[in-house]
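Work through the exercises below with the sequence and the 3D view side by side. Try each task before reading its solution.

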Amino acid sequence: MSALVEVRDLTIAYDSIDRSVLALDGAELTIEAGESLAIVGESGSGKSTLGMAIGRLLPPEARRLNGDLIYEGRSVFAAGDEEVRSLRRDKLGFIFQSPMTALDPTMRVGRQVALAAGGRPEIADIAALLERAELSDPERIMRSFPHQLSGGMAQRVVIAMAIARGQRLVIADEPTASLDASIRDRVMATLSRLRRENSASLAIFSHDLRMVGRHADRIAVMYAGRVVETGPSAHVLRFPAHPYTRALMAGAVDGARRGVRLEPIPGAPPVVTARAENCAFAPRCSARQSLCFERRPETRRVHDRIVACHFAERVLAQHHVGINEPSA
Amino acid sequence: MIAPVVSLSEVWVTYRGGLGRPGIDAVKGASLEISASETLGLVGESGCGKSTLGKVCLGLVRPSLGEMLFCGERFGHLRKRRGQLAVVLQFPEWALNPRIRCGRSVEEPLVVLGAHPAERRRRVQAMLESVGLDGGFAERFPGQLSGGQRQRVAIARALITEPRFIVFDEAVSALDVSVQAQVLNLILDLQTQHGFGALFISHDLAATRYLSRRIAVMREGEIVEIGSRDQFYDRPEHPYSRSLLDADS
(Lines give C-alpha, C1' and ligand atoms only; values in the text may rest on other atoms or scores of the structure.)
Protein backbone atom coordinates (compact mmCIF):
# COMPACT_ATOMS: atom_id res chain seq x y z
CA MET A 1 0.00 0.00 0.00
CA SER A 2 1.16 3.50 -0.72
CA ALA A 3 0.14 6.63 1.07
CA LEU A 4 -2.72 8.49 -0.59
CA VAL A 5 -2.68 11.38 1.84
CA GLU A 6 0.20 12.47 4.03
CA VAL A 7 -0.25 15.06 6.73
CA ARG A 8 3.14 16.34 7.87
CA ASP A 9 3.48 18.37 11.04
CA LEU A 10 0.44 20.42 10.04
CA THR A 11 -0.25 23.44 12.24
CA ILE A 12 -3.32 25.54 11.59
CA ALA A 13 -4.48 28.55 13.60
CA TYR A 14 -7.82 30.29 13.65
CA ASP A 15 -7.46 34.03 14.05
CA SER A 16 -10.04 36.03 15.93
CA ILE A 17 -9.87 39.67 16.94
CA ASP A 18 -8.02 39.26 20.21
CA ARG A 19 -6.15 35.98 19.88
CA SER A 20 -5.42 33.03 17.66
CA VAL A 21 -6.19 29.46 18.61
CA LEU A 22 -4.38 26.43 17.23
CA ALA A 23 -6.84 23.90 15.80
CA LEU A 24 -4.02 21.66 14.63
CA ASP A 25 -0.73 21.56 16.53
CA GLY A 26 1.67 19.56 14.41
CA ALA A 27 -0.71 16.81 13.30
CA GLU A 28 0.88 13.77 11.63
CA LEU A 29 -1.23 11.26 9.70
CA THR A 30 -1.16 9.10 6.61
CA ILE A 31 -4.11 7.63 4.77
CA GLU A 32 -3.15 4.58 2.74
CA ALA A 33 -4.77 3.76 -0.59
CA GLY A 34 -7.74 1.45 -0.16
CA GLU A 35 -8.00 1.56 3.63
CA SER A 36 -10.70 2.83 5.92
CA LEU A 37 -9.39 5.06 8.66
CA ALA A 38 -11.39 6.54 11.52
CA ILE A 39 -10.33 9.77 13.18
CA VAL A 40 -11.85 10.05 16.66
CA GLY A 41 -11.72 12.65 19.39
CA GLU A 42 -13.83 15.06 21.40
CA SER A 43 -15.23 18.18 19.80
CA GLY A 44 -12.54 20.81 19.57
CA SER A 45 -9.81 18.20 19.09
CA GLY A 46 -9.28 19.36 15.51
CA LYS A 47 -10.78 16.46 13.59
CA SER A 48 -13.06 18.58 11.41
CA THR A 49 -10.24 21.00 10.64
CA LEU A 50 -8.09 18.09 9.49
CA GLY A 51 -10.94 16.71 7.33
CA MET A 52 -11.61 20.04 5.70
CA ALA A 53 -7.90 20.69 5.16
CA ILE A 54 -7.68 17.66 2.85
CA GLY A 55 -9.98 19.45 0.39
CA ARG A 56 -8.47 22.85 1.30
CA LEU A 57 -11.94 23.79 2.48
CA LEU A 58 -10.81 25.77 5.50
CA PRO A 59 -12.50 29.12 6.22
CA PRO A 60 -10.56 32.32 5.47
CA GLU A 61 -9.66 32.95 9.13
CA ALA A 62 -7.70 29.69 9.21
CA ARG A 63 -3.97 30.20 8.74
CA ARG A 64 -1.37 27.52 8.03
CA LEU A 65 1.63 28.13 10.26
CA ASN A 66 3.65 25.06 9.51
CA GLY A 67 3.68 21.68 7.82
CA ASP A 68 2.03 20.40 4.68
CA LEU A 69 -0.69 18.12 3.38
CA ILE A 70 0.21 15.91 0.42
CA TYR A 71 -2.44 14.27 -1.77
CA GLU A 72 -1.08 11.73 -4.28
CA GLY A 73 2.34 13.29 -4.05
CA ARG A 74 1.25 16.90 -4.53
CA SER A 75 0.88 19.59 -1.88
CA VAL A 76 -2.74 20.63 -1.45
CA PHE A 77 -1.69 24.02 -0.14
CA ALA A 78 0.59 24.74 -3.08
CA ALA A 79 -1.96 23.74 -5.70
CA GLY A 80 -3.41 26.29 -8.12
CA ASP A 81 -7.12 27.09 -8.29
CA GLU A 82 -7.85 24.73 -11.19
CA GLU A 83 -5.96 21.91 -9.48
CA VAL A 84 -7.91 22.39 -6.26
CA ARG A 85 -11.16 22.40 -8.20
CA SER A 86 -10.28 19.13 -9.88
CA LEU A 87 -9.18 17.69 -6.53
CA ARG A 88 -12.52 18.50 -4.92
CA ARG A 89 -14.51 17.38 -7.97
CA ASP A 90 -12.78 14.22 -9.14
CA LYS A 91 -10.66 12.93 -6.30
CA LEU A 92 -12.57 13.58 -3.09
CA GLY A 93 -16.08 12.66 -2.04
CA PHE A 94 -17.58 14.43 0.93
CA ILE A 95 -20.29 13.15 3.27
CA PHE A 96 -21.44 15.47 6.03
CA GLN A 97 -23.40 14.97 9.20
CA SER A 98 -26.70 16.26 7.91
CA PRO A 99 -27.73 15.15 4.41
CA MET A 100 -30.39 17.86 4.27
CA THR A 101 -27.79 20.61 4.29
CA ALA A 102 -25.64 18.81 1.73
CA LEU A 103 -28.40 18.53 -0.86
CA ASP A 104 -29.87 21.47 -2.77
CA PRO A 105 -33.48 21.81 -1.58
CA THR A 106 -34.60 23.43 -4.85
CA MET A 107 -33.34 20.74 -7.22
CA ARG A 108 -34.69 17.28 -7.88
CA VAL A 109 -32.45 14.48 -6.63
CA GLY A 110 -31.90 13.02 -10.11
CA ARG A 111 -30.42 16.26 -11.40
CA GLN A 112 -28.15 16.70 -8.41
CA VAL A 113 -26.77 13.19 -8.78
CA ALA A 114 -26.26 13.82 -12.52
CA LEU A 115 -24.27 16.97 -11.73
CA ALA A 116 -22.14 15.09 -9.22
CA ALA A 117 -21.51 12.30 -11.73
CA GLY A 118 -20.42 14.79 -14.40
CA GLY A 119 -20.75 14.65 -18.18
CA ARG A 120 -24.15 13.69 -19.52
CA PRO A 121 -25.09 10.49 -17.72
CA GLU A 122 -28.00 8.41 -18.97
CA ILE A 123 -31.00 8.16 -16.66
CA ALA A 124 -30.32 4.45 -16.40
CA ASP A 125 -26.81 5.15 -15.13
CA ILE A 126 -28.10 7.41 -12.38
CA ALA A 127 -30.70 4.83 -11.43
CA ALA A 128 -27.99 2.17 -11.29
CA LEU A 129 -25.87 4.40 -9.07
CA LEU A 130 -28.75 4.96 -6.65
CA GLU A 131 -29.47 1.26 -6.67
CA ARG A 132 -25.87 0.55 -5.69
CA ALA A 133 -26.47 2.80 -2.68
CA GLU A 134 -29.31 0.41 -1.80
CA LEU A 135 -32.15 2.77 -2.60
CA SER A 136 -35.16 0.87 -3.84
CA ASP A 137 -37.38 2.50 -6.47
CA PRO A 138 -34.65 4.84 -7.83
CA GLU A 139 -37.03 6.33 -10.46
CA ARG A 140 -39.23 7.77 -7.73
CA ILE A 141 -36.24 9.07 -5.79
CA MET A 142 -34.81 10.80 -8.86
CA ARG A 143 -38.09 12.69 -9.28
CA SER A 144 -38.20 13.67 -5.60
CA PHE A 145 -36.96 16.79 -3.89
CA PRO A 146 -34.70 16.23 -0.86
CA HIS A 147 -37.41 17.15 1.65
CA GLN A 148 -39.53 14.29 0.35
CA LEU A 149 -36.91 11.75 1.46
CA SER A 150 -36.23 10.42 4.93
CA GLY A 151 -32.91 11.22 6.59
CA GLY A 152 -31.52 7.75 5.87
CA MET A 153 -32.55 7.86 2.20
CA ALA A 154 -31.11 11.36 1.77
CA GLN A 155 -27.80 10.23 3.29
CA ARG A 156 -27.72 7.31 0.83
CA VAL A 157 -28.17 9.81 -2.02
CA VAL A 158 -25.22 11.80 -0.65
CA ILE A 159 -23.18 8.59 -0.47
CA ALA A 160 -24.05 7.83 -4.11
CA MET A 161 -22.86 11.32 -5.08
CA ALA A 162 -19.63 10.95 -3.11
CA ILE A 163 -18.60 7.89 -5.13
CA ALA A 164 -20.16 8.90 -8.47
CA ARG A 165 -16.87 9.76 -10.16
CA GLY A 166 -14.89 6.92 -8.67
CA GLN A 167 -13.23 9.25 -6.16
CA ARG A 168 -10.08 7.88 -4.56
CA LEU A 169 -10.93 9.17 -1.10
CA VAL A 170 -14.28 9.62 0.63
CA ILE A 171 -14.27 11.94 3.65
CA ALA A 172 -17.19 11.30 5.98
CA ASP A 173 -17.66 13.77 8.84
CA GLU A 174 -20.00 12.20 11.44
CA PRO A 175 -21.87 10.42 8.61
CA THR A 176 -24.47 8.76 10.82
CA ALA A 177 -24.78 11.14 13.79
CA SER A 178 -27.98 12.72 12.51
CA LEU A 179 -29.57 9.37 11.64
CA ASP A 180 -31.76 7.13 13.70
CA ALA A 181 -29.93 4.57 15.83
CA SER A 182 -31.70 1.64 14.18
CA ILE A 183 -30.54 2.48 10.63
CA ARG A 184 -27.05 3.85 11.37
CA ASP A 185 -25.35 0.54 10.97
CA ARG A 186 -27.05 -0.28 7.69
CA VAL A 187 -26.07 3.07 6.18
CA MET A 188 -22.48 2.58 7.34
CA ALA A 189 -22.49 -0.92 5.86
CA THR A 190 -23.57 0.48 2.50
CA LEU A 191 -20.83 3.08 2.63
CA SER A 192 -18.21 0.46 3.50
CA ARG A 193 -19.35 -1.88 0.73
CA LEU A 194 -19.27 0.86 -1.95
CA ARG A 195 -15.84 1.95 -0.79
CA ARG A 196 -14.53 -1.59 -1.15
CA GLU A 197 -16.13 -2.05 -4.57
CA ASN A 198 -14.44 1.12 -5.80
CA SER A 199 -11.26 0.26 -3.84
CA ALA A 200 -11.29 3.81 -2.56
CA SER A 201 -10.07 5.01 0.83
CA LEU A 202 -12.47 6.18 3.50
CA ALA A 203 -11.75 8.65 6.28
CA ILE A 204 -14.47 8.64 8.95
CA PHE A 205 -14.41 11.54 11.40
CA SER A 206 -16.54 10.57 14.38
CA HIS A 207 -16.82 10.28 18.13
CA ASP A 208 -18.94 7.11 17.99
CA LEU A 209 -16.25 4.64 19.10
CA ARG A 210 -18.34 1.53 18.71
CA MET A 211 -19.43 2.29 15.16
CA VAL A 212 -15.89 3.19 14.25
CA GLY A 213 -14.58 -0.06 15.72
CA ARG A 214 -16.71 -2.05 13.32
CA HIS A 215 -16.18 -0.10 10.14
CA ALA A 216 -12.59 1.11 10.19
CA ASP A 217 -9.36 -0.83 9.62
CA ARG A 218 -7.31 1.75 11.50
CA ILE A 219 -8.06 4.37 14.12
CA ALA A 220 -6.36 7.68 14.73
CA VAL A 221 -7.13 9.37 18.05
CA MET A 222 -6.86 13.14 18.18
CA TYR A 223 -6.40 15.37 21.20
CA ALA A 224 -5.77 19.12 21.31
CA GLY A 225 -4.84 19.32 17.65
CA ARG A 226 -2.46 16.35 17.58
CA VAL A 227 -2.85 12.76 16.52
CA VAL A 228 -1.90 10.99 19.74
CA GLU A 229 -2.40 7.35 18.79
CA THR A 230 -2.74 5.47 15.51
CA GLY A 231 -3.09 1.74 15.01
CA PRO A 232 -5.29 -1.17 13.91
CA SER A 233 -8.78 -0.41 15.27
CA ALA A 234 -9.38 -3.66 17.15
CA HIS A 235 -6.07 -3.30 18.97
CA VAL A 236 -6.42 0.40 19.75
CA LEU A 237 -9.88 -0.08 21.25
CA ARG A 238 -8.89 -3.12 23.25
CA PHE A 239 -5.39 -2.28 24.36
CA PRO A 240 -5.00 1.48 24.22
CA ALA A 241 -1.40 2.70 24.33
CA HIS A 242 -2.21 6.35 25.06
CA PRO A 243 -3.80 7.30 28.41
CA TYR A 244 -6.25 9.56 26.55
CA THR A 245 -7.55 6.67 24.43
CA ARG A 246 -7.94 4.63 27.59
CA ALA A 247 -9.82 7.43 29.36
CA LEU A 248 -12.06 7.88 26.32
CA MET A 249 -12.98 4.21 26.40
CA ALA A 250 -13.66 4.24 30.14
CA GLY A 251 -16.05 7.15 29.70
CA ALA A 252 -17.97 5.72 26.74
CA VAL A 253 -21.46 4.77 27.79
CA ASP A 254 -21.86 2.15 25.06
CA GLY A 255 -19.08 0.13 26.63
CA ALA A 256 -20.55 0.42 30.13
CA ARG A 257 -20.91 -2.83 31.97
CA ARG A 258 -23.91 -3.54 34.12
CA GLY A 259 -23.67 -1.89 37.51
CA VAL A 260 -20.29 -0.30 36.78
CA ARG A 261 -20.15 3.46 37.12
CA LEU A 262 -18.70 5.36 34.17
CA GLU A 263 -15.48 7.24 34.72
CA PRO A 264 -15.63 10.52 32.86
CA ILE A 265 -12.34 12.26 32.06
CA PRO A 266 -11.86 14.99 34.67
CA GLY A 267 -11.55 18.57 33.48
CA ALA A 268 -12.01 19.92 29.99
CA PRO A 269 -9.89 19.82 26.83
CA PRO A 270 -7.42 22.73 26.68
CA VAL A 271 -7.52 25.65 24.31
CA VAL A 272 -4.17 25.66 22.54
CA THR A 273 -2.82 29.08 21.68
CA ALA A 274 0.80 28.21 20.95
CA ARG A 275 2.74 25.07 20.04
CA ALA A 276 2.57 22.86 23.14
CA GLU A 277 6.02 22.28 24.63
CA ASN A 278 4.67 19.58 26.93
CA CYS A 279 1.95 16.92 26.79
CA ALA A 280 -1.42 18.66 26.33
CA PHE A 281 -3.25 15.80 28.09
CA ALA A 282 -1.01 15.79 31.18
CA PRO A 283 -3.30 17.89 33.44
CA ARG A 284 -6.14 15.35 32.97
CA CYS A 285 -3.99 12.24 32.80
CA SER A 286 -3.97 9.59 35.51
CA ALA A 287 -0.53 8.28 34.51
CA ARG A 288 1.28 11.62 34.35
CA GLN A 289 4.85 12.15 35.53
CA SER A 290 6.91 15.31 35.85
CA LEU A 291 8.45 14.64 32.44
CA CYS A 292 4.99 15.10 30.85
CA PHE A 293 4.98 18.76 31.89
CA GLU A 294 8.53 19.34 30.69
CA ARG A 295 8.85 17.82 27.25
CA ARG A 296 6.57 17.49 24.28
CA PRO A 297 6.09 13.79 23.52
CA GLU A 298 7.06 13.22 19.90
CA THR A 299 5.18 10.59 17.89
CA ARG A 300 7.02 7.28 17.84
CA ARG A 301 6.37 3.67 16.96
CA VAL A 302 5.43 1.28 19.79
CA HIS A 303 4.58 -2.24 18.61
CA ASP A 304 1.84 -1.79 16.00
CA ARG A 305 1.04 1.79 17.04
CA ILE A 306 2.27 5.26 16.50
CA VAL A 307 1.88 7.04 19.82
CA ALA A 308 2.66 10.45 21.25
CA CYS A 309 3.20 9.57 24.91
CA HIS A 310 6.41 9.31 26.96
CA PHE A 311 5.09 6.27 28.78
CA ALA A 312 3.23 4.39 26.05
CA GLU A 313 4.96 1.06 26.83
CA ARG A 314 3.91 1.30 30.45
CA VAL A 315 0.29 2.17 29.54
CA LEU A 316 0.16 -0.69 27.09
CA ALA A 317 1.52 -3.16 29.62
CA GLN A 318 -0.58 -1.91 32.52
CA HIS A 319 -4.00 -3.31 31.91
CA HIS A 320 -6.39 -3.90 29.11
CA VAL A 321 -9.60 -2.01 29.49
CA GLY A 322 -11.34 -2.32 26.18
CA ILE A 323 -14.80 -1.65 24.95
CA ASN A 324 -15.46 -5.25 23.99
CA GLU A 325 -13.76 -6.84 26.95
CA PRO A 326 -16.05 -8.99 29.07
CA SER A 327 -16.01 -8.26 32.79
CA ALA A 328 -13.43 -10.12 34.77
CA MET B 1 -49.14 2.31 49.04
CA ILE B 2 -47.72 5.54 47.67
CA ALA B 3 -49.19 6.45 44.31
CA PRO B 4 -46.73 6.56 41.40
CA VAL B 5 -45.64 10.05 40.36
CA VAL B 6 -47.02 9.58 36.88
CA SER B 7 -49.33 6.89 35.68
CA LEU B 8 -50.84 6.55 32.23
CA SER B 9 -53.55 4.08 31.47
CA GLU B 10 -54.60 3.31 27.92
CA VAL B 11 -53.62 6.75 26.66
CA TRP B 12 -54.34 7.65 23.05
CA VAL B 13 -53.22 10.87 21.45
CA THR B 14 -54.68 11.82 18.09
CA TYR B 15 -53.35 14.82 16.21
CA ARG B 16 -56.14 16.24 14.11
CA GLY B 17 -55.56 16.25 10.36
CA GLY B 18 -56.14 19.24 8.12
CA LEU B 19 -59.16 19.72 5.87
CA GLY B 20 -60.19 16.38 4.45
CA ARG B 21 -57.12 14.61 5.82
CA PRO B 22 -57.34 11.89 8.43
CA GLY B 23 -55.88 12.47 11.89
CA ILE B 24 -52.74 10.72 13.11
CA ASP B 25 -52.62 8.53 16.18
CA ALA B 26 -49.28 9.48 17.67
CA VAL B 27 -49.79 7.37 20.80
CA LYS B 28 -51.92 4.24 20.75
CA GLY B 29 -53.11 2.89 24.05
CA ALA B 30 -49.95 3.44 26.10
CA SER B 31 -49.91 2.46 29.78
CA LEU B 32 -47.03 3.05 32.15
CA GLU B 33 -46.17 4.02 35.70
CA ILE B 34 -43.20 5.95 37.05
CA SER B 35 -42.55 6.04 40.81
CA ALA B 36 -40.51 8.49 42.85
CA SER B 37 -36.70 7.96 42.58
CA GLU B 38 -37.20 5.80 39.52
CA THR B 39 -36.15 6.44 35.95
CA LEU B 40 -38.10 4.88 33.14
CA GLY B 41 -36.22 4.77 29.85
CA LEU B 42 -38.15 5.27 26.64
CA VAL B 43 -36.48 4.26 23.39
CA GLY B 44 -37.62 4.01 19.80
CA GLU B 45 -36.97 5.39 16.32
CA SER B 46 -37.67 9.00 15.48
CA GLY B 47 -41.32 9.59 14.75
CA CYS B 48 -42.53 6.72 16.93
CA GLY B 49 -44.29 9.00 19.41
CA LYS B 50 -41.66 9.17 22.18
CA SER B 51 -41.74 12.93 22.51
CA THR B 52 -45.54 13.07 22.37
CA LEU B 53 -45.67 10.59 25.22
CA GLY B 54 -43.21 12.80 27.11
CA LYS B 55 -45.52 15.78 26.60
CA VAL B 56 -48.46 13.76 27.91
CA CYS B 57 -46.47 12.96 31.08
CA LEU B 58 -45.75 16.70 31.49
CA GLY B 59 -49.40 17.59 31.04
CA LEU B 60 -48.63 19.60 27.91
CA VAL B 61 -50.75 17.37 25.69
CA ARG B 62 -54.10 16.08 26.89
CA PRO B 63 -54.79 12.46 26.06
CA SER B 64 -57.58 12.11 23.48
CA LEU B 65 -58.62 8.93 25.27
CA GLY B 66 -57.48 7.29 28.48
CA GLU B 67 -56.27 8.78 31.71
CA MET B 68 -53.13 10.43 33.07
CA LEU B 69 -52.71 10.67 36.84
CA PHE B 70 -50.08 12.79 38.59
CA CYS B 71 -49.28 11.61 42.13
CA GLY B 72 -52.53 9.68 42.12
CA GLU B 73 -54.68 12.69 41.29
CA ARG B 74 -56.12 14.07 38.09
CA PHE B 75 -53.63 16.42 36.51
CA GLY B 76 -55.85 19.49 36.63
CA HIS B 77 -54.69 22.88 35.45
CA LEU B 78 -51.02 23.37 34.48
CA ARG B 79 -50.83 26.45 36.73
CA LYS B 80 -51.55 24.25 39.72
CA ARG B 81 -48.52 22.11 38.92
CA ARG B 82 -45.96 24.91 38.84
CA GLY B 83 -42.62 23.79 40.12
CA GLN B 84 -43.63 20.15 40.30
CA LEU B 85 -42.55 19.24 36.78
CA ALA B 86 -39.52 19.99 34.68
CA VAL B 87 -37.99 19.09 31.37
CA VAL B 88 -34.41 18.93 30.07
CA LEU B 89 -34.14 19.10 26.29
CA GLN B 90 -31.55 17.97 23.76
CA PHE B 91 -30.03 21.41 23.27
CA PRO B 92 -29.52 23.52 26.40
CA GLU B 93 -29.70 26.58 24.13
CA TRP B 94 -33.44 25.93 23.96
CA ALA B 95 -33.79 26.31 27.71
CA LEU B 96 -31.47 29.25 28.35
CA ASN B 97 -31.99 32.80 27.22
CA PRO B 98 -28.69 33.82 25.57
CA ARG B 99 -28.98 37.37 26.90
CA ILE B 100 -29.61 36.47 30.53
CA ARG B 101 -26.82 35.48 32.90
CA CYS B 102 -26.89 31.81 33.89
CA GLY B 103 -27.57 32.53 37.55
CA ARG B 104 -30.68 34.49 36.65
CA SER B 105 -31.85 31.69 34.31
CA VAL B 106 -31.58 29.19 37.14
CA GLU B 107 -33.33 31.60 39.52
CA GLU B 108 -36.32 32.35 37.28
CA PRO B 109 -38.53 29.38 38.26
CA LEU B 110 -38.21 30.48 41.90
CA VAL B 111 -39.29 34.02 40.97
CA VAL B 112 -42.41 32.55 39.38
CA LEU B 113 -43.09 30.61 42.58
CA GLY B 114 -42.65 33.82 44.60
CA ALA B 115 -39.67 32.84 46.74
CA HIS B 116 -37.89 35.47 48.84
CA PRO B 117 -34.82 37.05 47.12
CA ALA B 118 -32.32 36.05 49.84
CA GLU B 119 -33.70 32.51 49.80
CA ARG B 120 -33.48 32.48 46.00
CA ARG B 121 -29.81 33.49 45.96
CA ARG B 122 -28.95 30.85 48.52
CA ARG B 123 -30.71 28.10 46.60
CA VAL B 124 -29.20 29.11 43.24
CA GLN B 125 -25.70 28.95 44.76
CA ALA B 126 -26.39 25.54 46.29
CA MET B 127 -27.91 24.19 43.09
CA LEU B 128 -25.05 25.37 40.86
CA GLU B 129 -22.66 23.72 43.27
CA SER B 130 -24.55 20.45 43.23
CA VAL B 131 -24.34 20.30 39.41
CA GLY B 132 -20.60 20.86 39.72
CA LEU B 133 -20.31 24.51 38.68
CA ASP B 134 -18.69 27.01 41.01
CA GLY B 135 -20.49 30.25 41.93
CA GLY B 136 -18.68 32.28 39.27
CA PHE B 137 -20.80 30.65 36.57
CA ALA B 138 -23.86 32.56 37.79
CA GLU B 139 -22.36 35.73 36.33
CA ARG B 140 -21.63 34.23 32.93
CA PHE B 141 -23.75 34.19 29.80
CA PRO B 142 -24.65 30.85 28.16
CA GLY B 143 -22.46 31.73 25.16
CA GLN B 144 -19.37 31.75 27.39
CA LEU B 145 -19.88 28.14 28.46
CA SER B 146 -19.06 24.82 26.81
CA GLY B 147 -21.84 22.46 25.72
CA GLY B 148 -21.51 20.27 28.81
CA GLN B 149 -21.50 23.25 31.17
CA ARG B 150 -24.58 24.68 29.47
CA GLN B 151 -26.40 21.37 29.88
CA ARG B 152 -25.49 21.44 33.58
CA VAL B 153 -27.03 24.91 33.87
CA ALA B 154 -30.17 23.65 32.12
CA ILE B 155 -30.35 20.75 34.58
CA ALA B 156 -29.85 23.15 37.50
CA ARG B 157 -32.74 25.24 36.21
CA ALA B 158 -34.93 22.16 35.91
CA LEU B 159 -34.10 21.03 39.45
CA ILE B 160 -34.21 24.34 41.32
CA THR B 161 -37.86 23.96 42.35
CA GLU B 162 -37.22 20.38 43.50
CA PRO B 163 -39.77 18.93 41.07
CA ARG B 164 -41.29 15.52 41.59
CA PHE B 165 -40.97 14.54 37.99
CA ILE B 166 -38.51 15.37 35.19
CA VAL B 167 -38.55 14.46 31.51
CA PHE B 168 -35.12 14.18 29.86
CA ASP B 169 -35.79 14.38 26.14
CA GLU B 170 -32.57 13.36 24.31
CA ALA B 171 -30.74 15.23 27.06
CA VAL B 172 -27.29 13.77 26.34
CA SER B 173 -27.56 13.08 22.61
CA ALA B 174 -25.84 16.28 21.53
CA LEU B 175 -22.94 15.91 23.96
CA ASP B 176 -19.47 14.46 23.43
CA VAL B 177 -18.69 10.96 24.70
CA SER B 178 -16.73 12.09 27.76
CA VAL B 179 -19.13 14.92 28.62
CA GLN B 180 -22.02 12.49 28.19
CA ALA B 181 -20.58 10.35 30.97
CA GLN B 182 -20.27 13.37 33.28
CA VAL B 183 -23.88 14.42 32.71
CA LEU B 184 -25.23 10.86 33.07
CA ASN B 185 -23.41 10.44 36.39
CA LEU B 186 -24.75 13.84 37.47
CA ILE B 187 -28.33 12.78 36.75
CA LEU B 188 -27.82 9.55 38.73
CA ASP B 189 -26.39 11.43 41.74
CA LEU B 190 -29.04 14.14 41.74
CA GLN B 191 -31.78 11.55 41.61
CA THR B 192 -30.39 9.80 44.69
CA GLN B 193 -30.25 13.19 46.40
CA HIS B 194 -33.64 14.63 45.39
CA GLY B 195 -35.71 11.51 44.69
CA PHE B 196 -37.50 12.72 41.59
CA GLY B 197 -39.20 10.37 39.16
CA ALA B 198 -37.87 10.64 35.63
CA LEU B 199 -38.67 9.70 32.07
CA PHE B 200 -35.49 9.41 29.99
CA ILE B 201 -36.35 9.62 26.30
CA SER B 202 -33.60 8.69 23.88
CA HIS B 203 -32.78 6.73 20.78
CA ASP B 204 -29.49 5.76 22.39
CA LEU B 205 -30.07 2.41 24.06
CA ALA B 206 -26.67 2.39 25.78
CA ALA B 207 -27.26 5.67 27.64
CA THR B 208 -30.83 4.70 28.50
CA ARG B 209 -29.75 1.34 29.84
CA TYR B 210 -27.10 2.99 32.01
CA LEU B 211 -29.57 5.33 33.65
CA SER B 212 -32.89 3.50 33.89
CA ARG B 213 -34.19 0.72 36.05
CA ARG B 214 -36.89 -0.14 33.54
CA ILE B 215 -37.06 0.49 29.82
CA ALA B 216 -40.07 0.88 27.53
CA VAL B 217 -39.69 0.37 23.80
CA MET B 218 -42.01 2.26 21.52
CA ARG B 219 -42.85 1.64 17.93
CA GLU B 220 -45.39 3.41 15.74
CA GLY B 221 -47.20 4.85 18.74
CA GLU B 222 -47.39 1.63 20.73
CA ILE B 223 -45.35 0.48 23.67
CA VAL B 224 -44.21 -2.91 22.42
CA GLU B 225 -42.18 -3.92 25.44
CA ILE B 226 -41.56 -2.78 29.01
CA GLY B 227 -38.91 -4.63 30.91
CA SER B 228 -36.18 -4.38 33.48
CA ARG B 229 -32.83 -3.00 32.46
CA ASP B 230 -31.21 -6.42 32.75
CA GLN B 231 -33.40 -7.70 30.00
CA PHE B 232 -31.89 -5.12 27.69
CA TYR B 233 -28.37 -6.17 28.57
CA ASP B 234 -29.24 -9.77 27.83
CA ARG B 235 -32.02 -10.65 25.47
CA PRO B 236 -35.16 -8.55 24.91
CA GLU B 237 -38.29 -10.43 23.95
CA HIS B 238 -39.88 -8.34 21.28
CA PRO B 239 -38.17 -8.71 17.88
CA TYR B 240 -38.20 -4.94 17.47
CA SER B 241 -36.30 -4.40 20.70
CA ARG B 242 -33.83 -6.99 19.50
CA SER B 243 -33.27 -5.12 16.25
CA LEU B 244 -32.67 -1.91 18.25
CA LEU B 245 -30.13 -3.70 20.39
CA ASP B 246 -28.40 -5.23 17.37
CA ALA B 247 -28.25 -1.88 15.65
CA ASP B 248 -26.56 -0.54 18.71
CA SER B 249 -24.01 -3.17 19.55
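**Exercise 1.** Which residue is the bridge partner of Ser36(A) in S8(A)?

Solution. First, the ground rules. This is a predicted model, where local features need pLDDT of at least 70, side-chain atom pairs count only at pLDDT 80 or more, and totals for chains, interfaces and linings use all residues. Residues are numbered from 1 along each chain as its sequence is written, while chains are lettered from A and ligands numbered from 1 in the order in which they are written.

Step 1. Locate the strands. Helices (H or I, at least four residues) and strands (E, at least two) are DSSP runs, numbered from the N terminus. Strand S3 of chain A covers residues 36–40, and strand S8 of chain A covers 201–206.

Step 2. Check the pairing, which requires at least two DSSP bridges between two strands. Five bridges join S3(A) to S8(A), and the two run parallel.

Step 3. Read off the partner: Ser36(A) is bridged to Leu202(A).

**Exercise 2.** Find what else surrounds S3(A).

Solution. Step 1. Look for another pairing. Four bridges link S3(A) to strand S9 (residues 218–223) of chain A, again in parallel. There, Ile39(A) stands opposite Ala220(A).

Step 1. A residue is buried if 20 or more other C-beta atoms lie within 10 Å of its own, exposed if 12 or fewer, and partly exposed in between; C-beta atoms are placed from the backbone. Five of the five residues of S3(A) are buried.

Step 2. Sort them by face. Ser36(A), Ala38(A) and Val40(A) lie on one side. Leu37(A) and Ile39(A) lie on the other. Both faces are covered.

**Exercise 3.** How do H2(B) and H3(B) cross, parallel or oblique?

Solution. Step 1. Take the axes. Those of helix H2 (residues 102–113) and helix H3 (residues 117–130) of chain B come within 10 Å and cross at roughly 120°.

Step 1. Classify. Angles under 35 degrees count as roughly parallel, over 145 as roughly antiparallel, 65 to 115 as roughly perpendicular and the rest as oblique. H2(B) and H3(B) are therefore oblique to each other.

Step 2. List contacts (C-beta atoms, placed from the backbone, within 7 Å). Among the H2(B) residues that meet H3(B) are Gly103(B) and Leu110(B).

**Exercise 4.** Why does Ser105(B) count as buried?

Step 1. Count. Ser105(B) has 23 C-beta neighbours inside 10 Å, so Ser105(B) counts as buried.

Step 2. Name contacts beyond four places in sequence. They include Leu96(B), Ile100(B) and Val153(B). The C-alpha atoms of Ser105(B) and Val153(B) are separated by 8.3 Å, although 48 residues apart along the chain.

Key. Axes fitted to C-alpha atoms, helices over the stretch in contact; angles between N-to-C directions. Contact = placed C-beta atoms within 7 Å.
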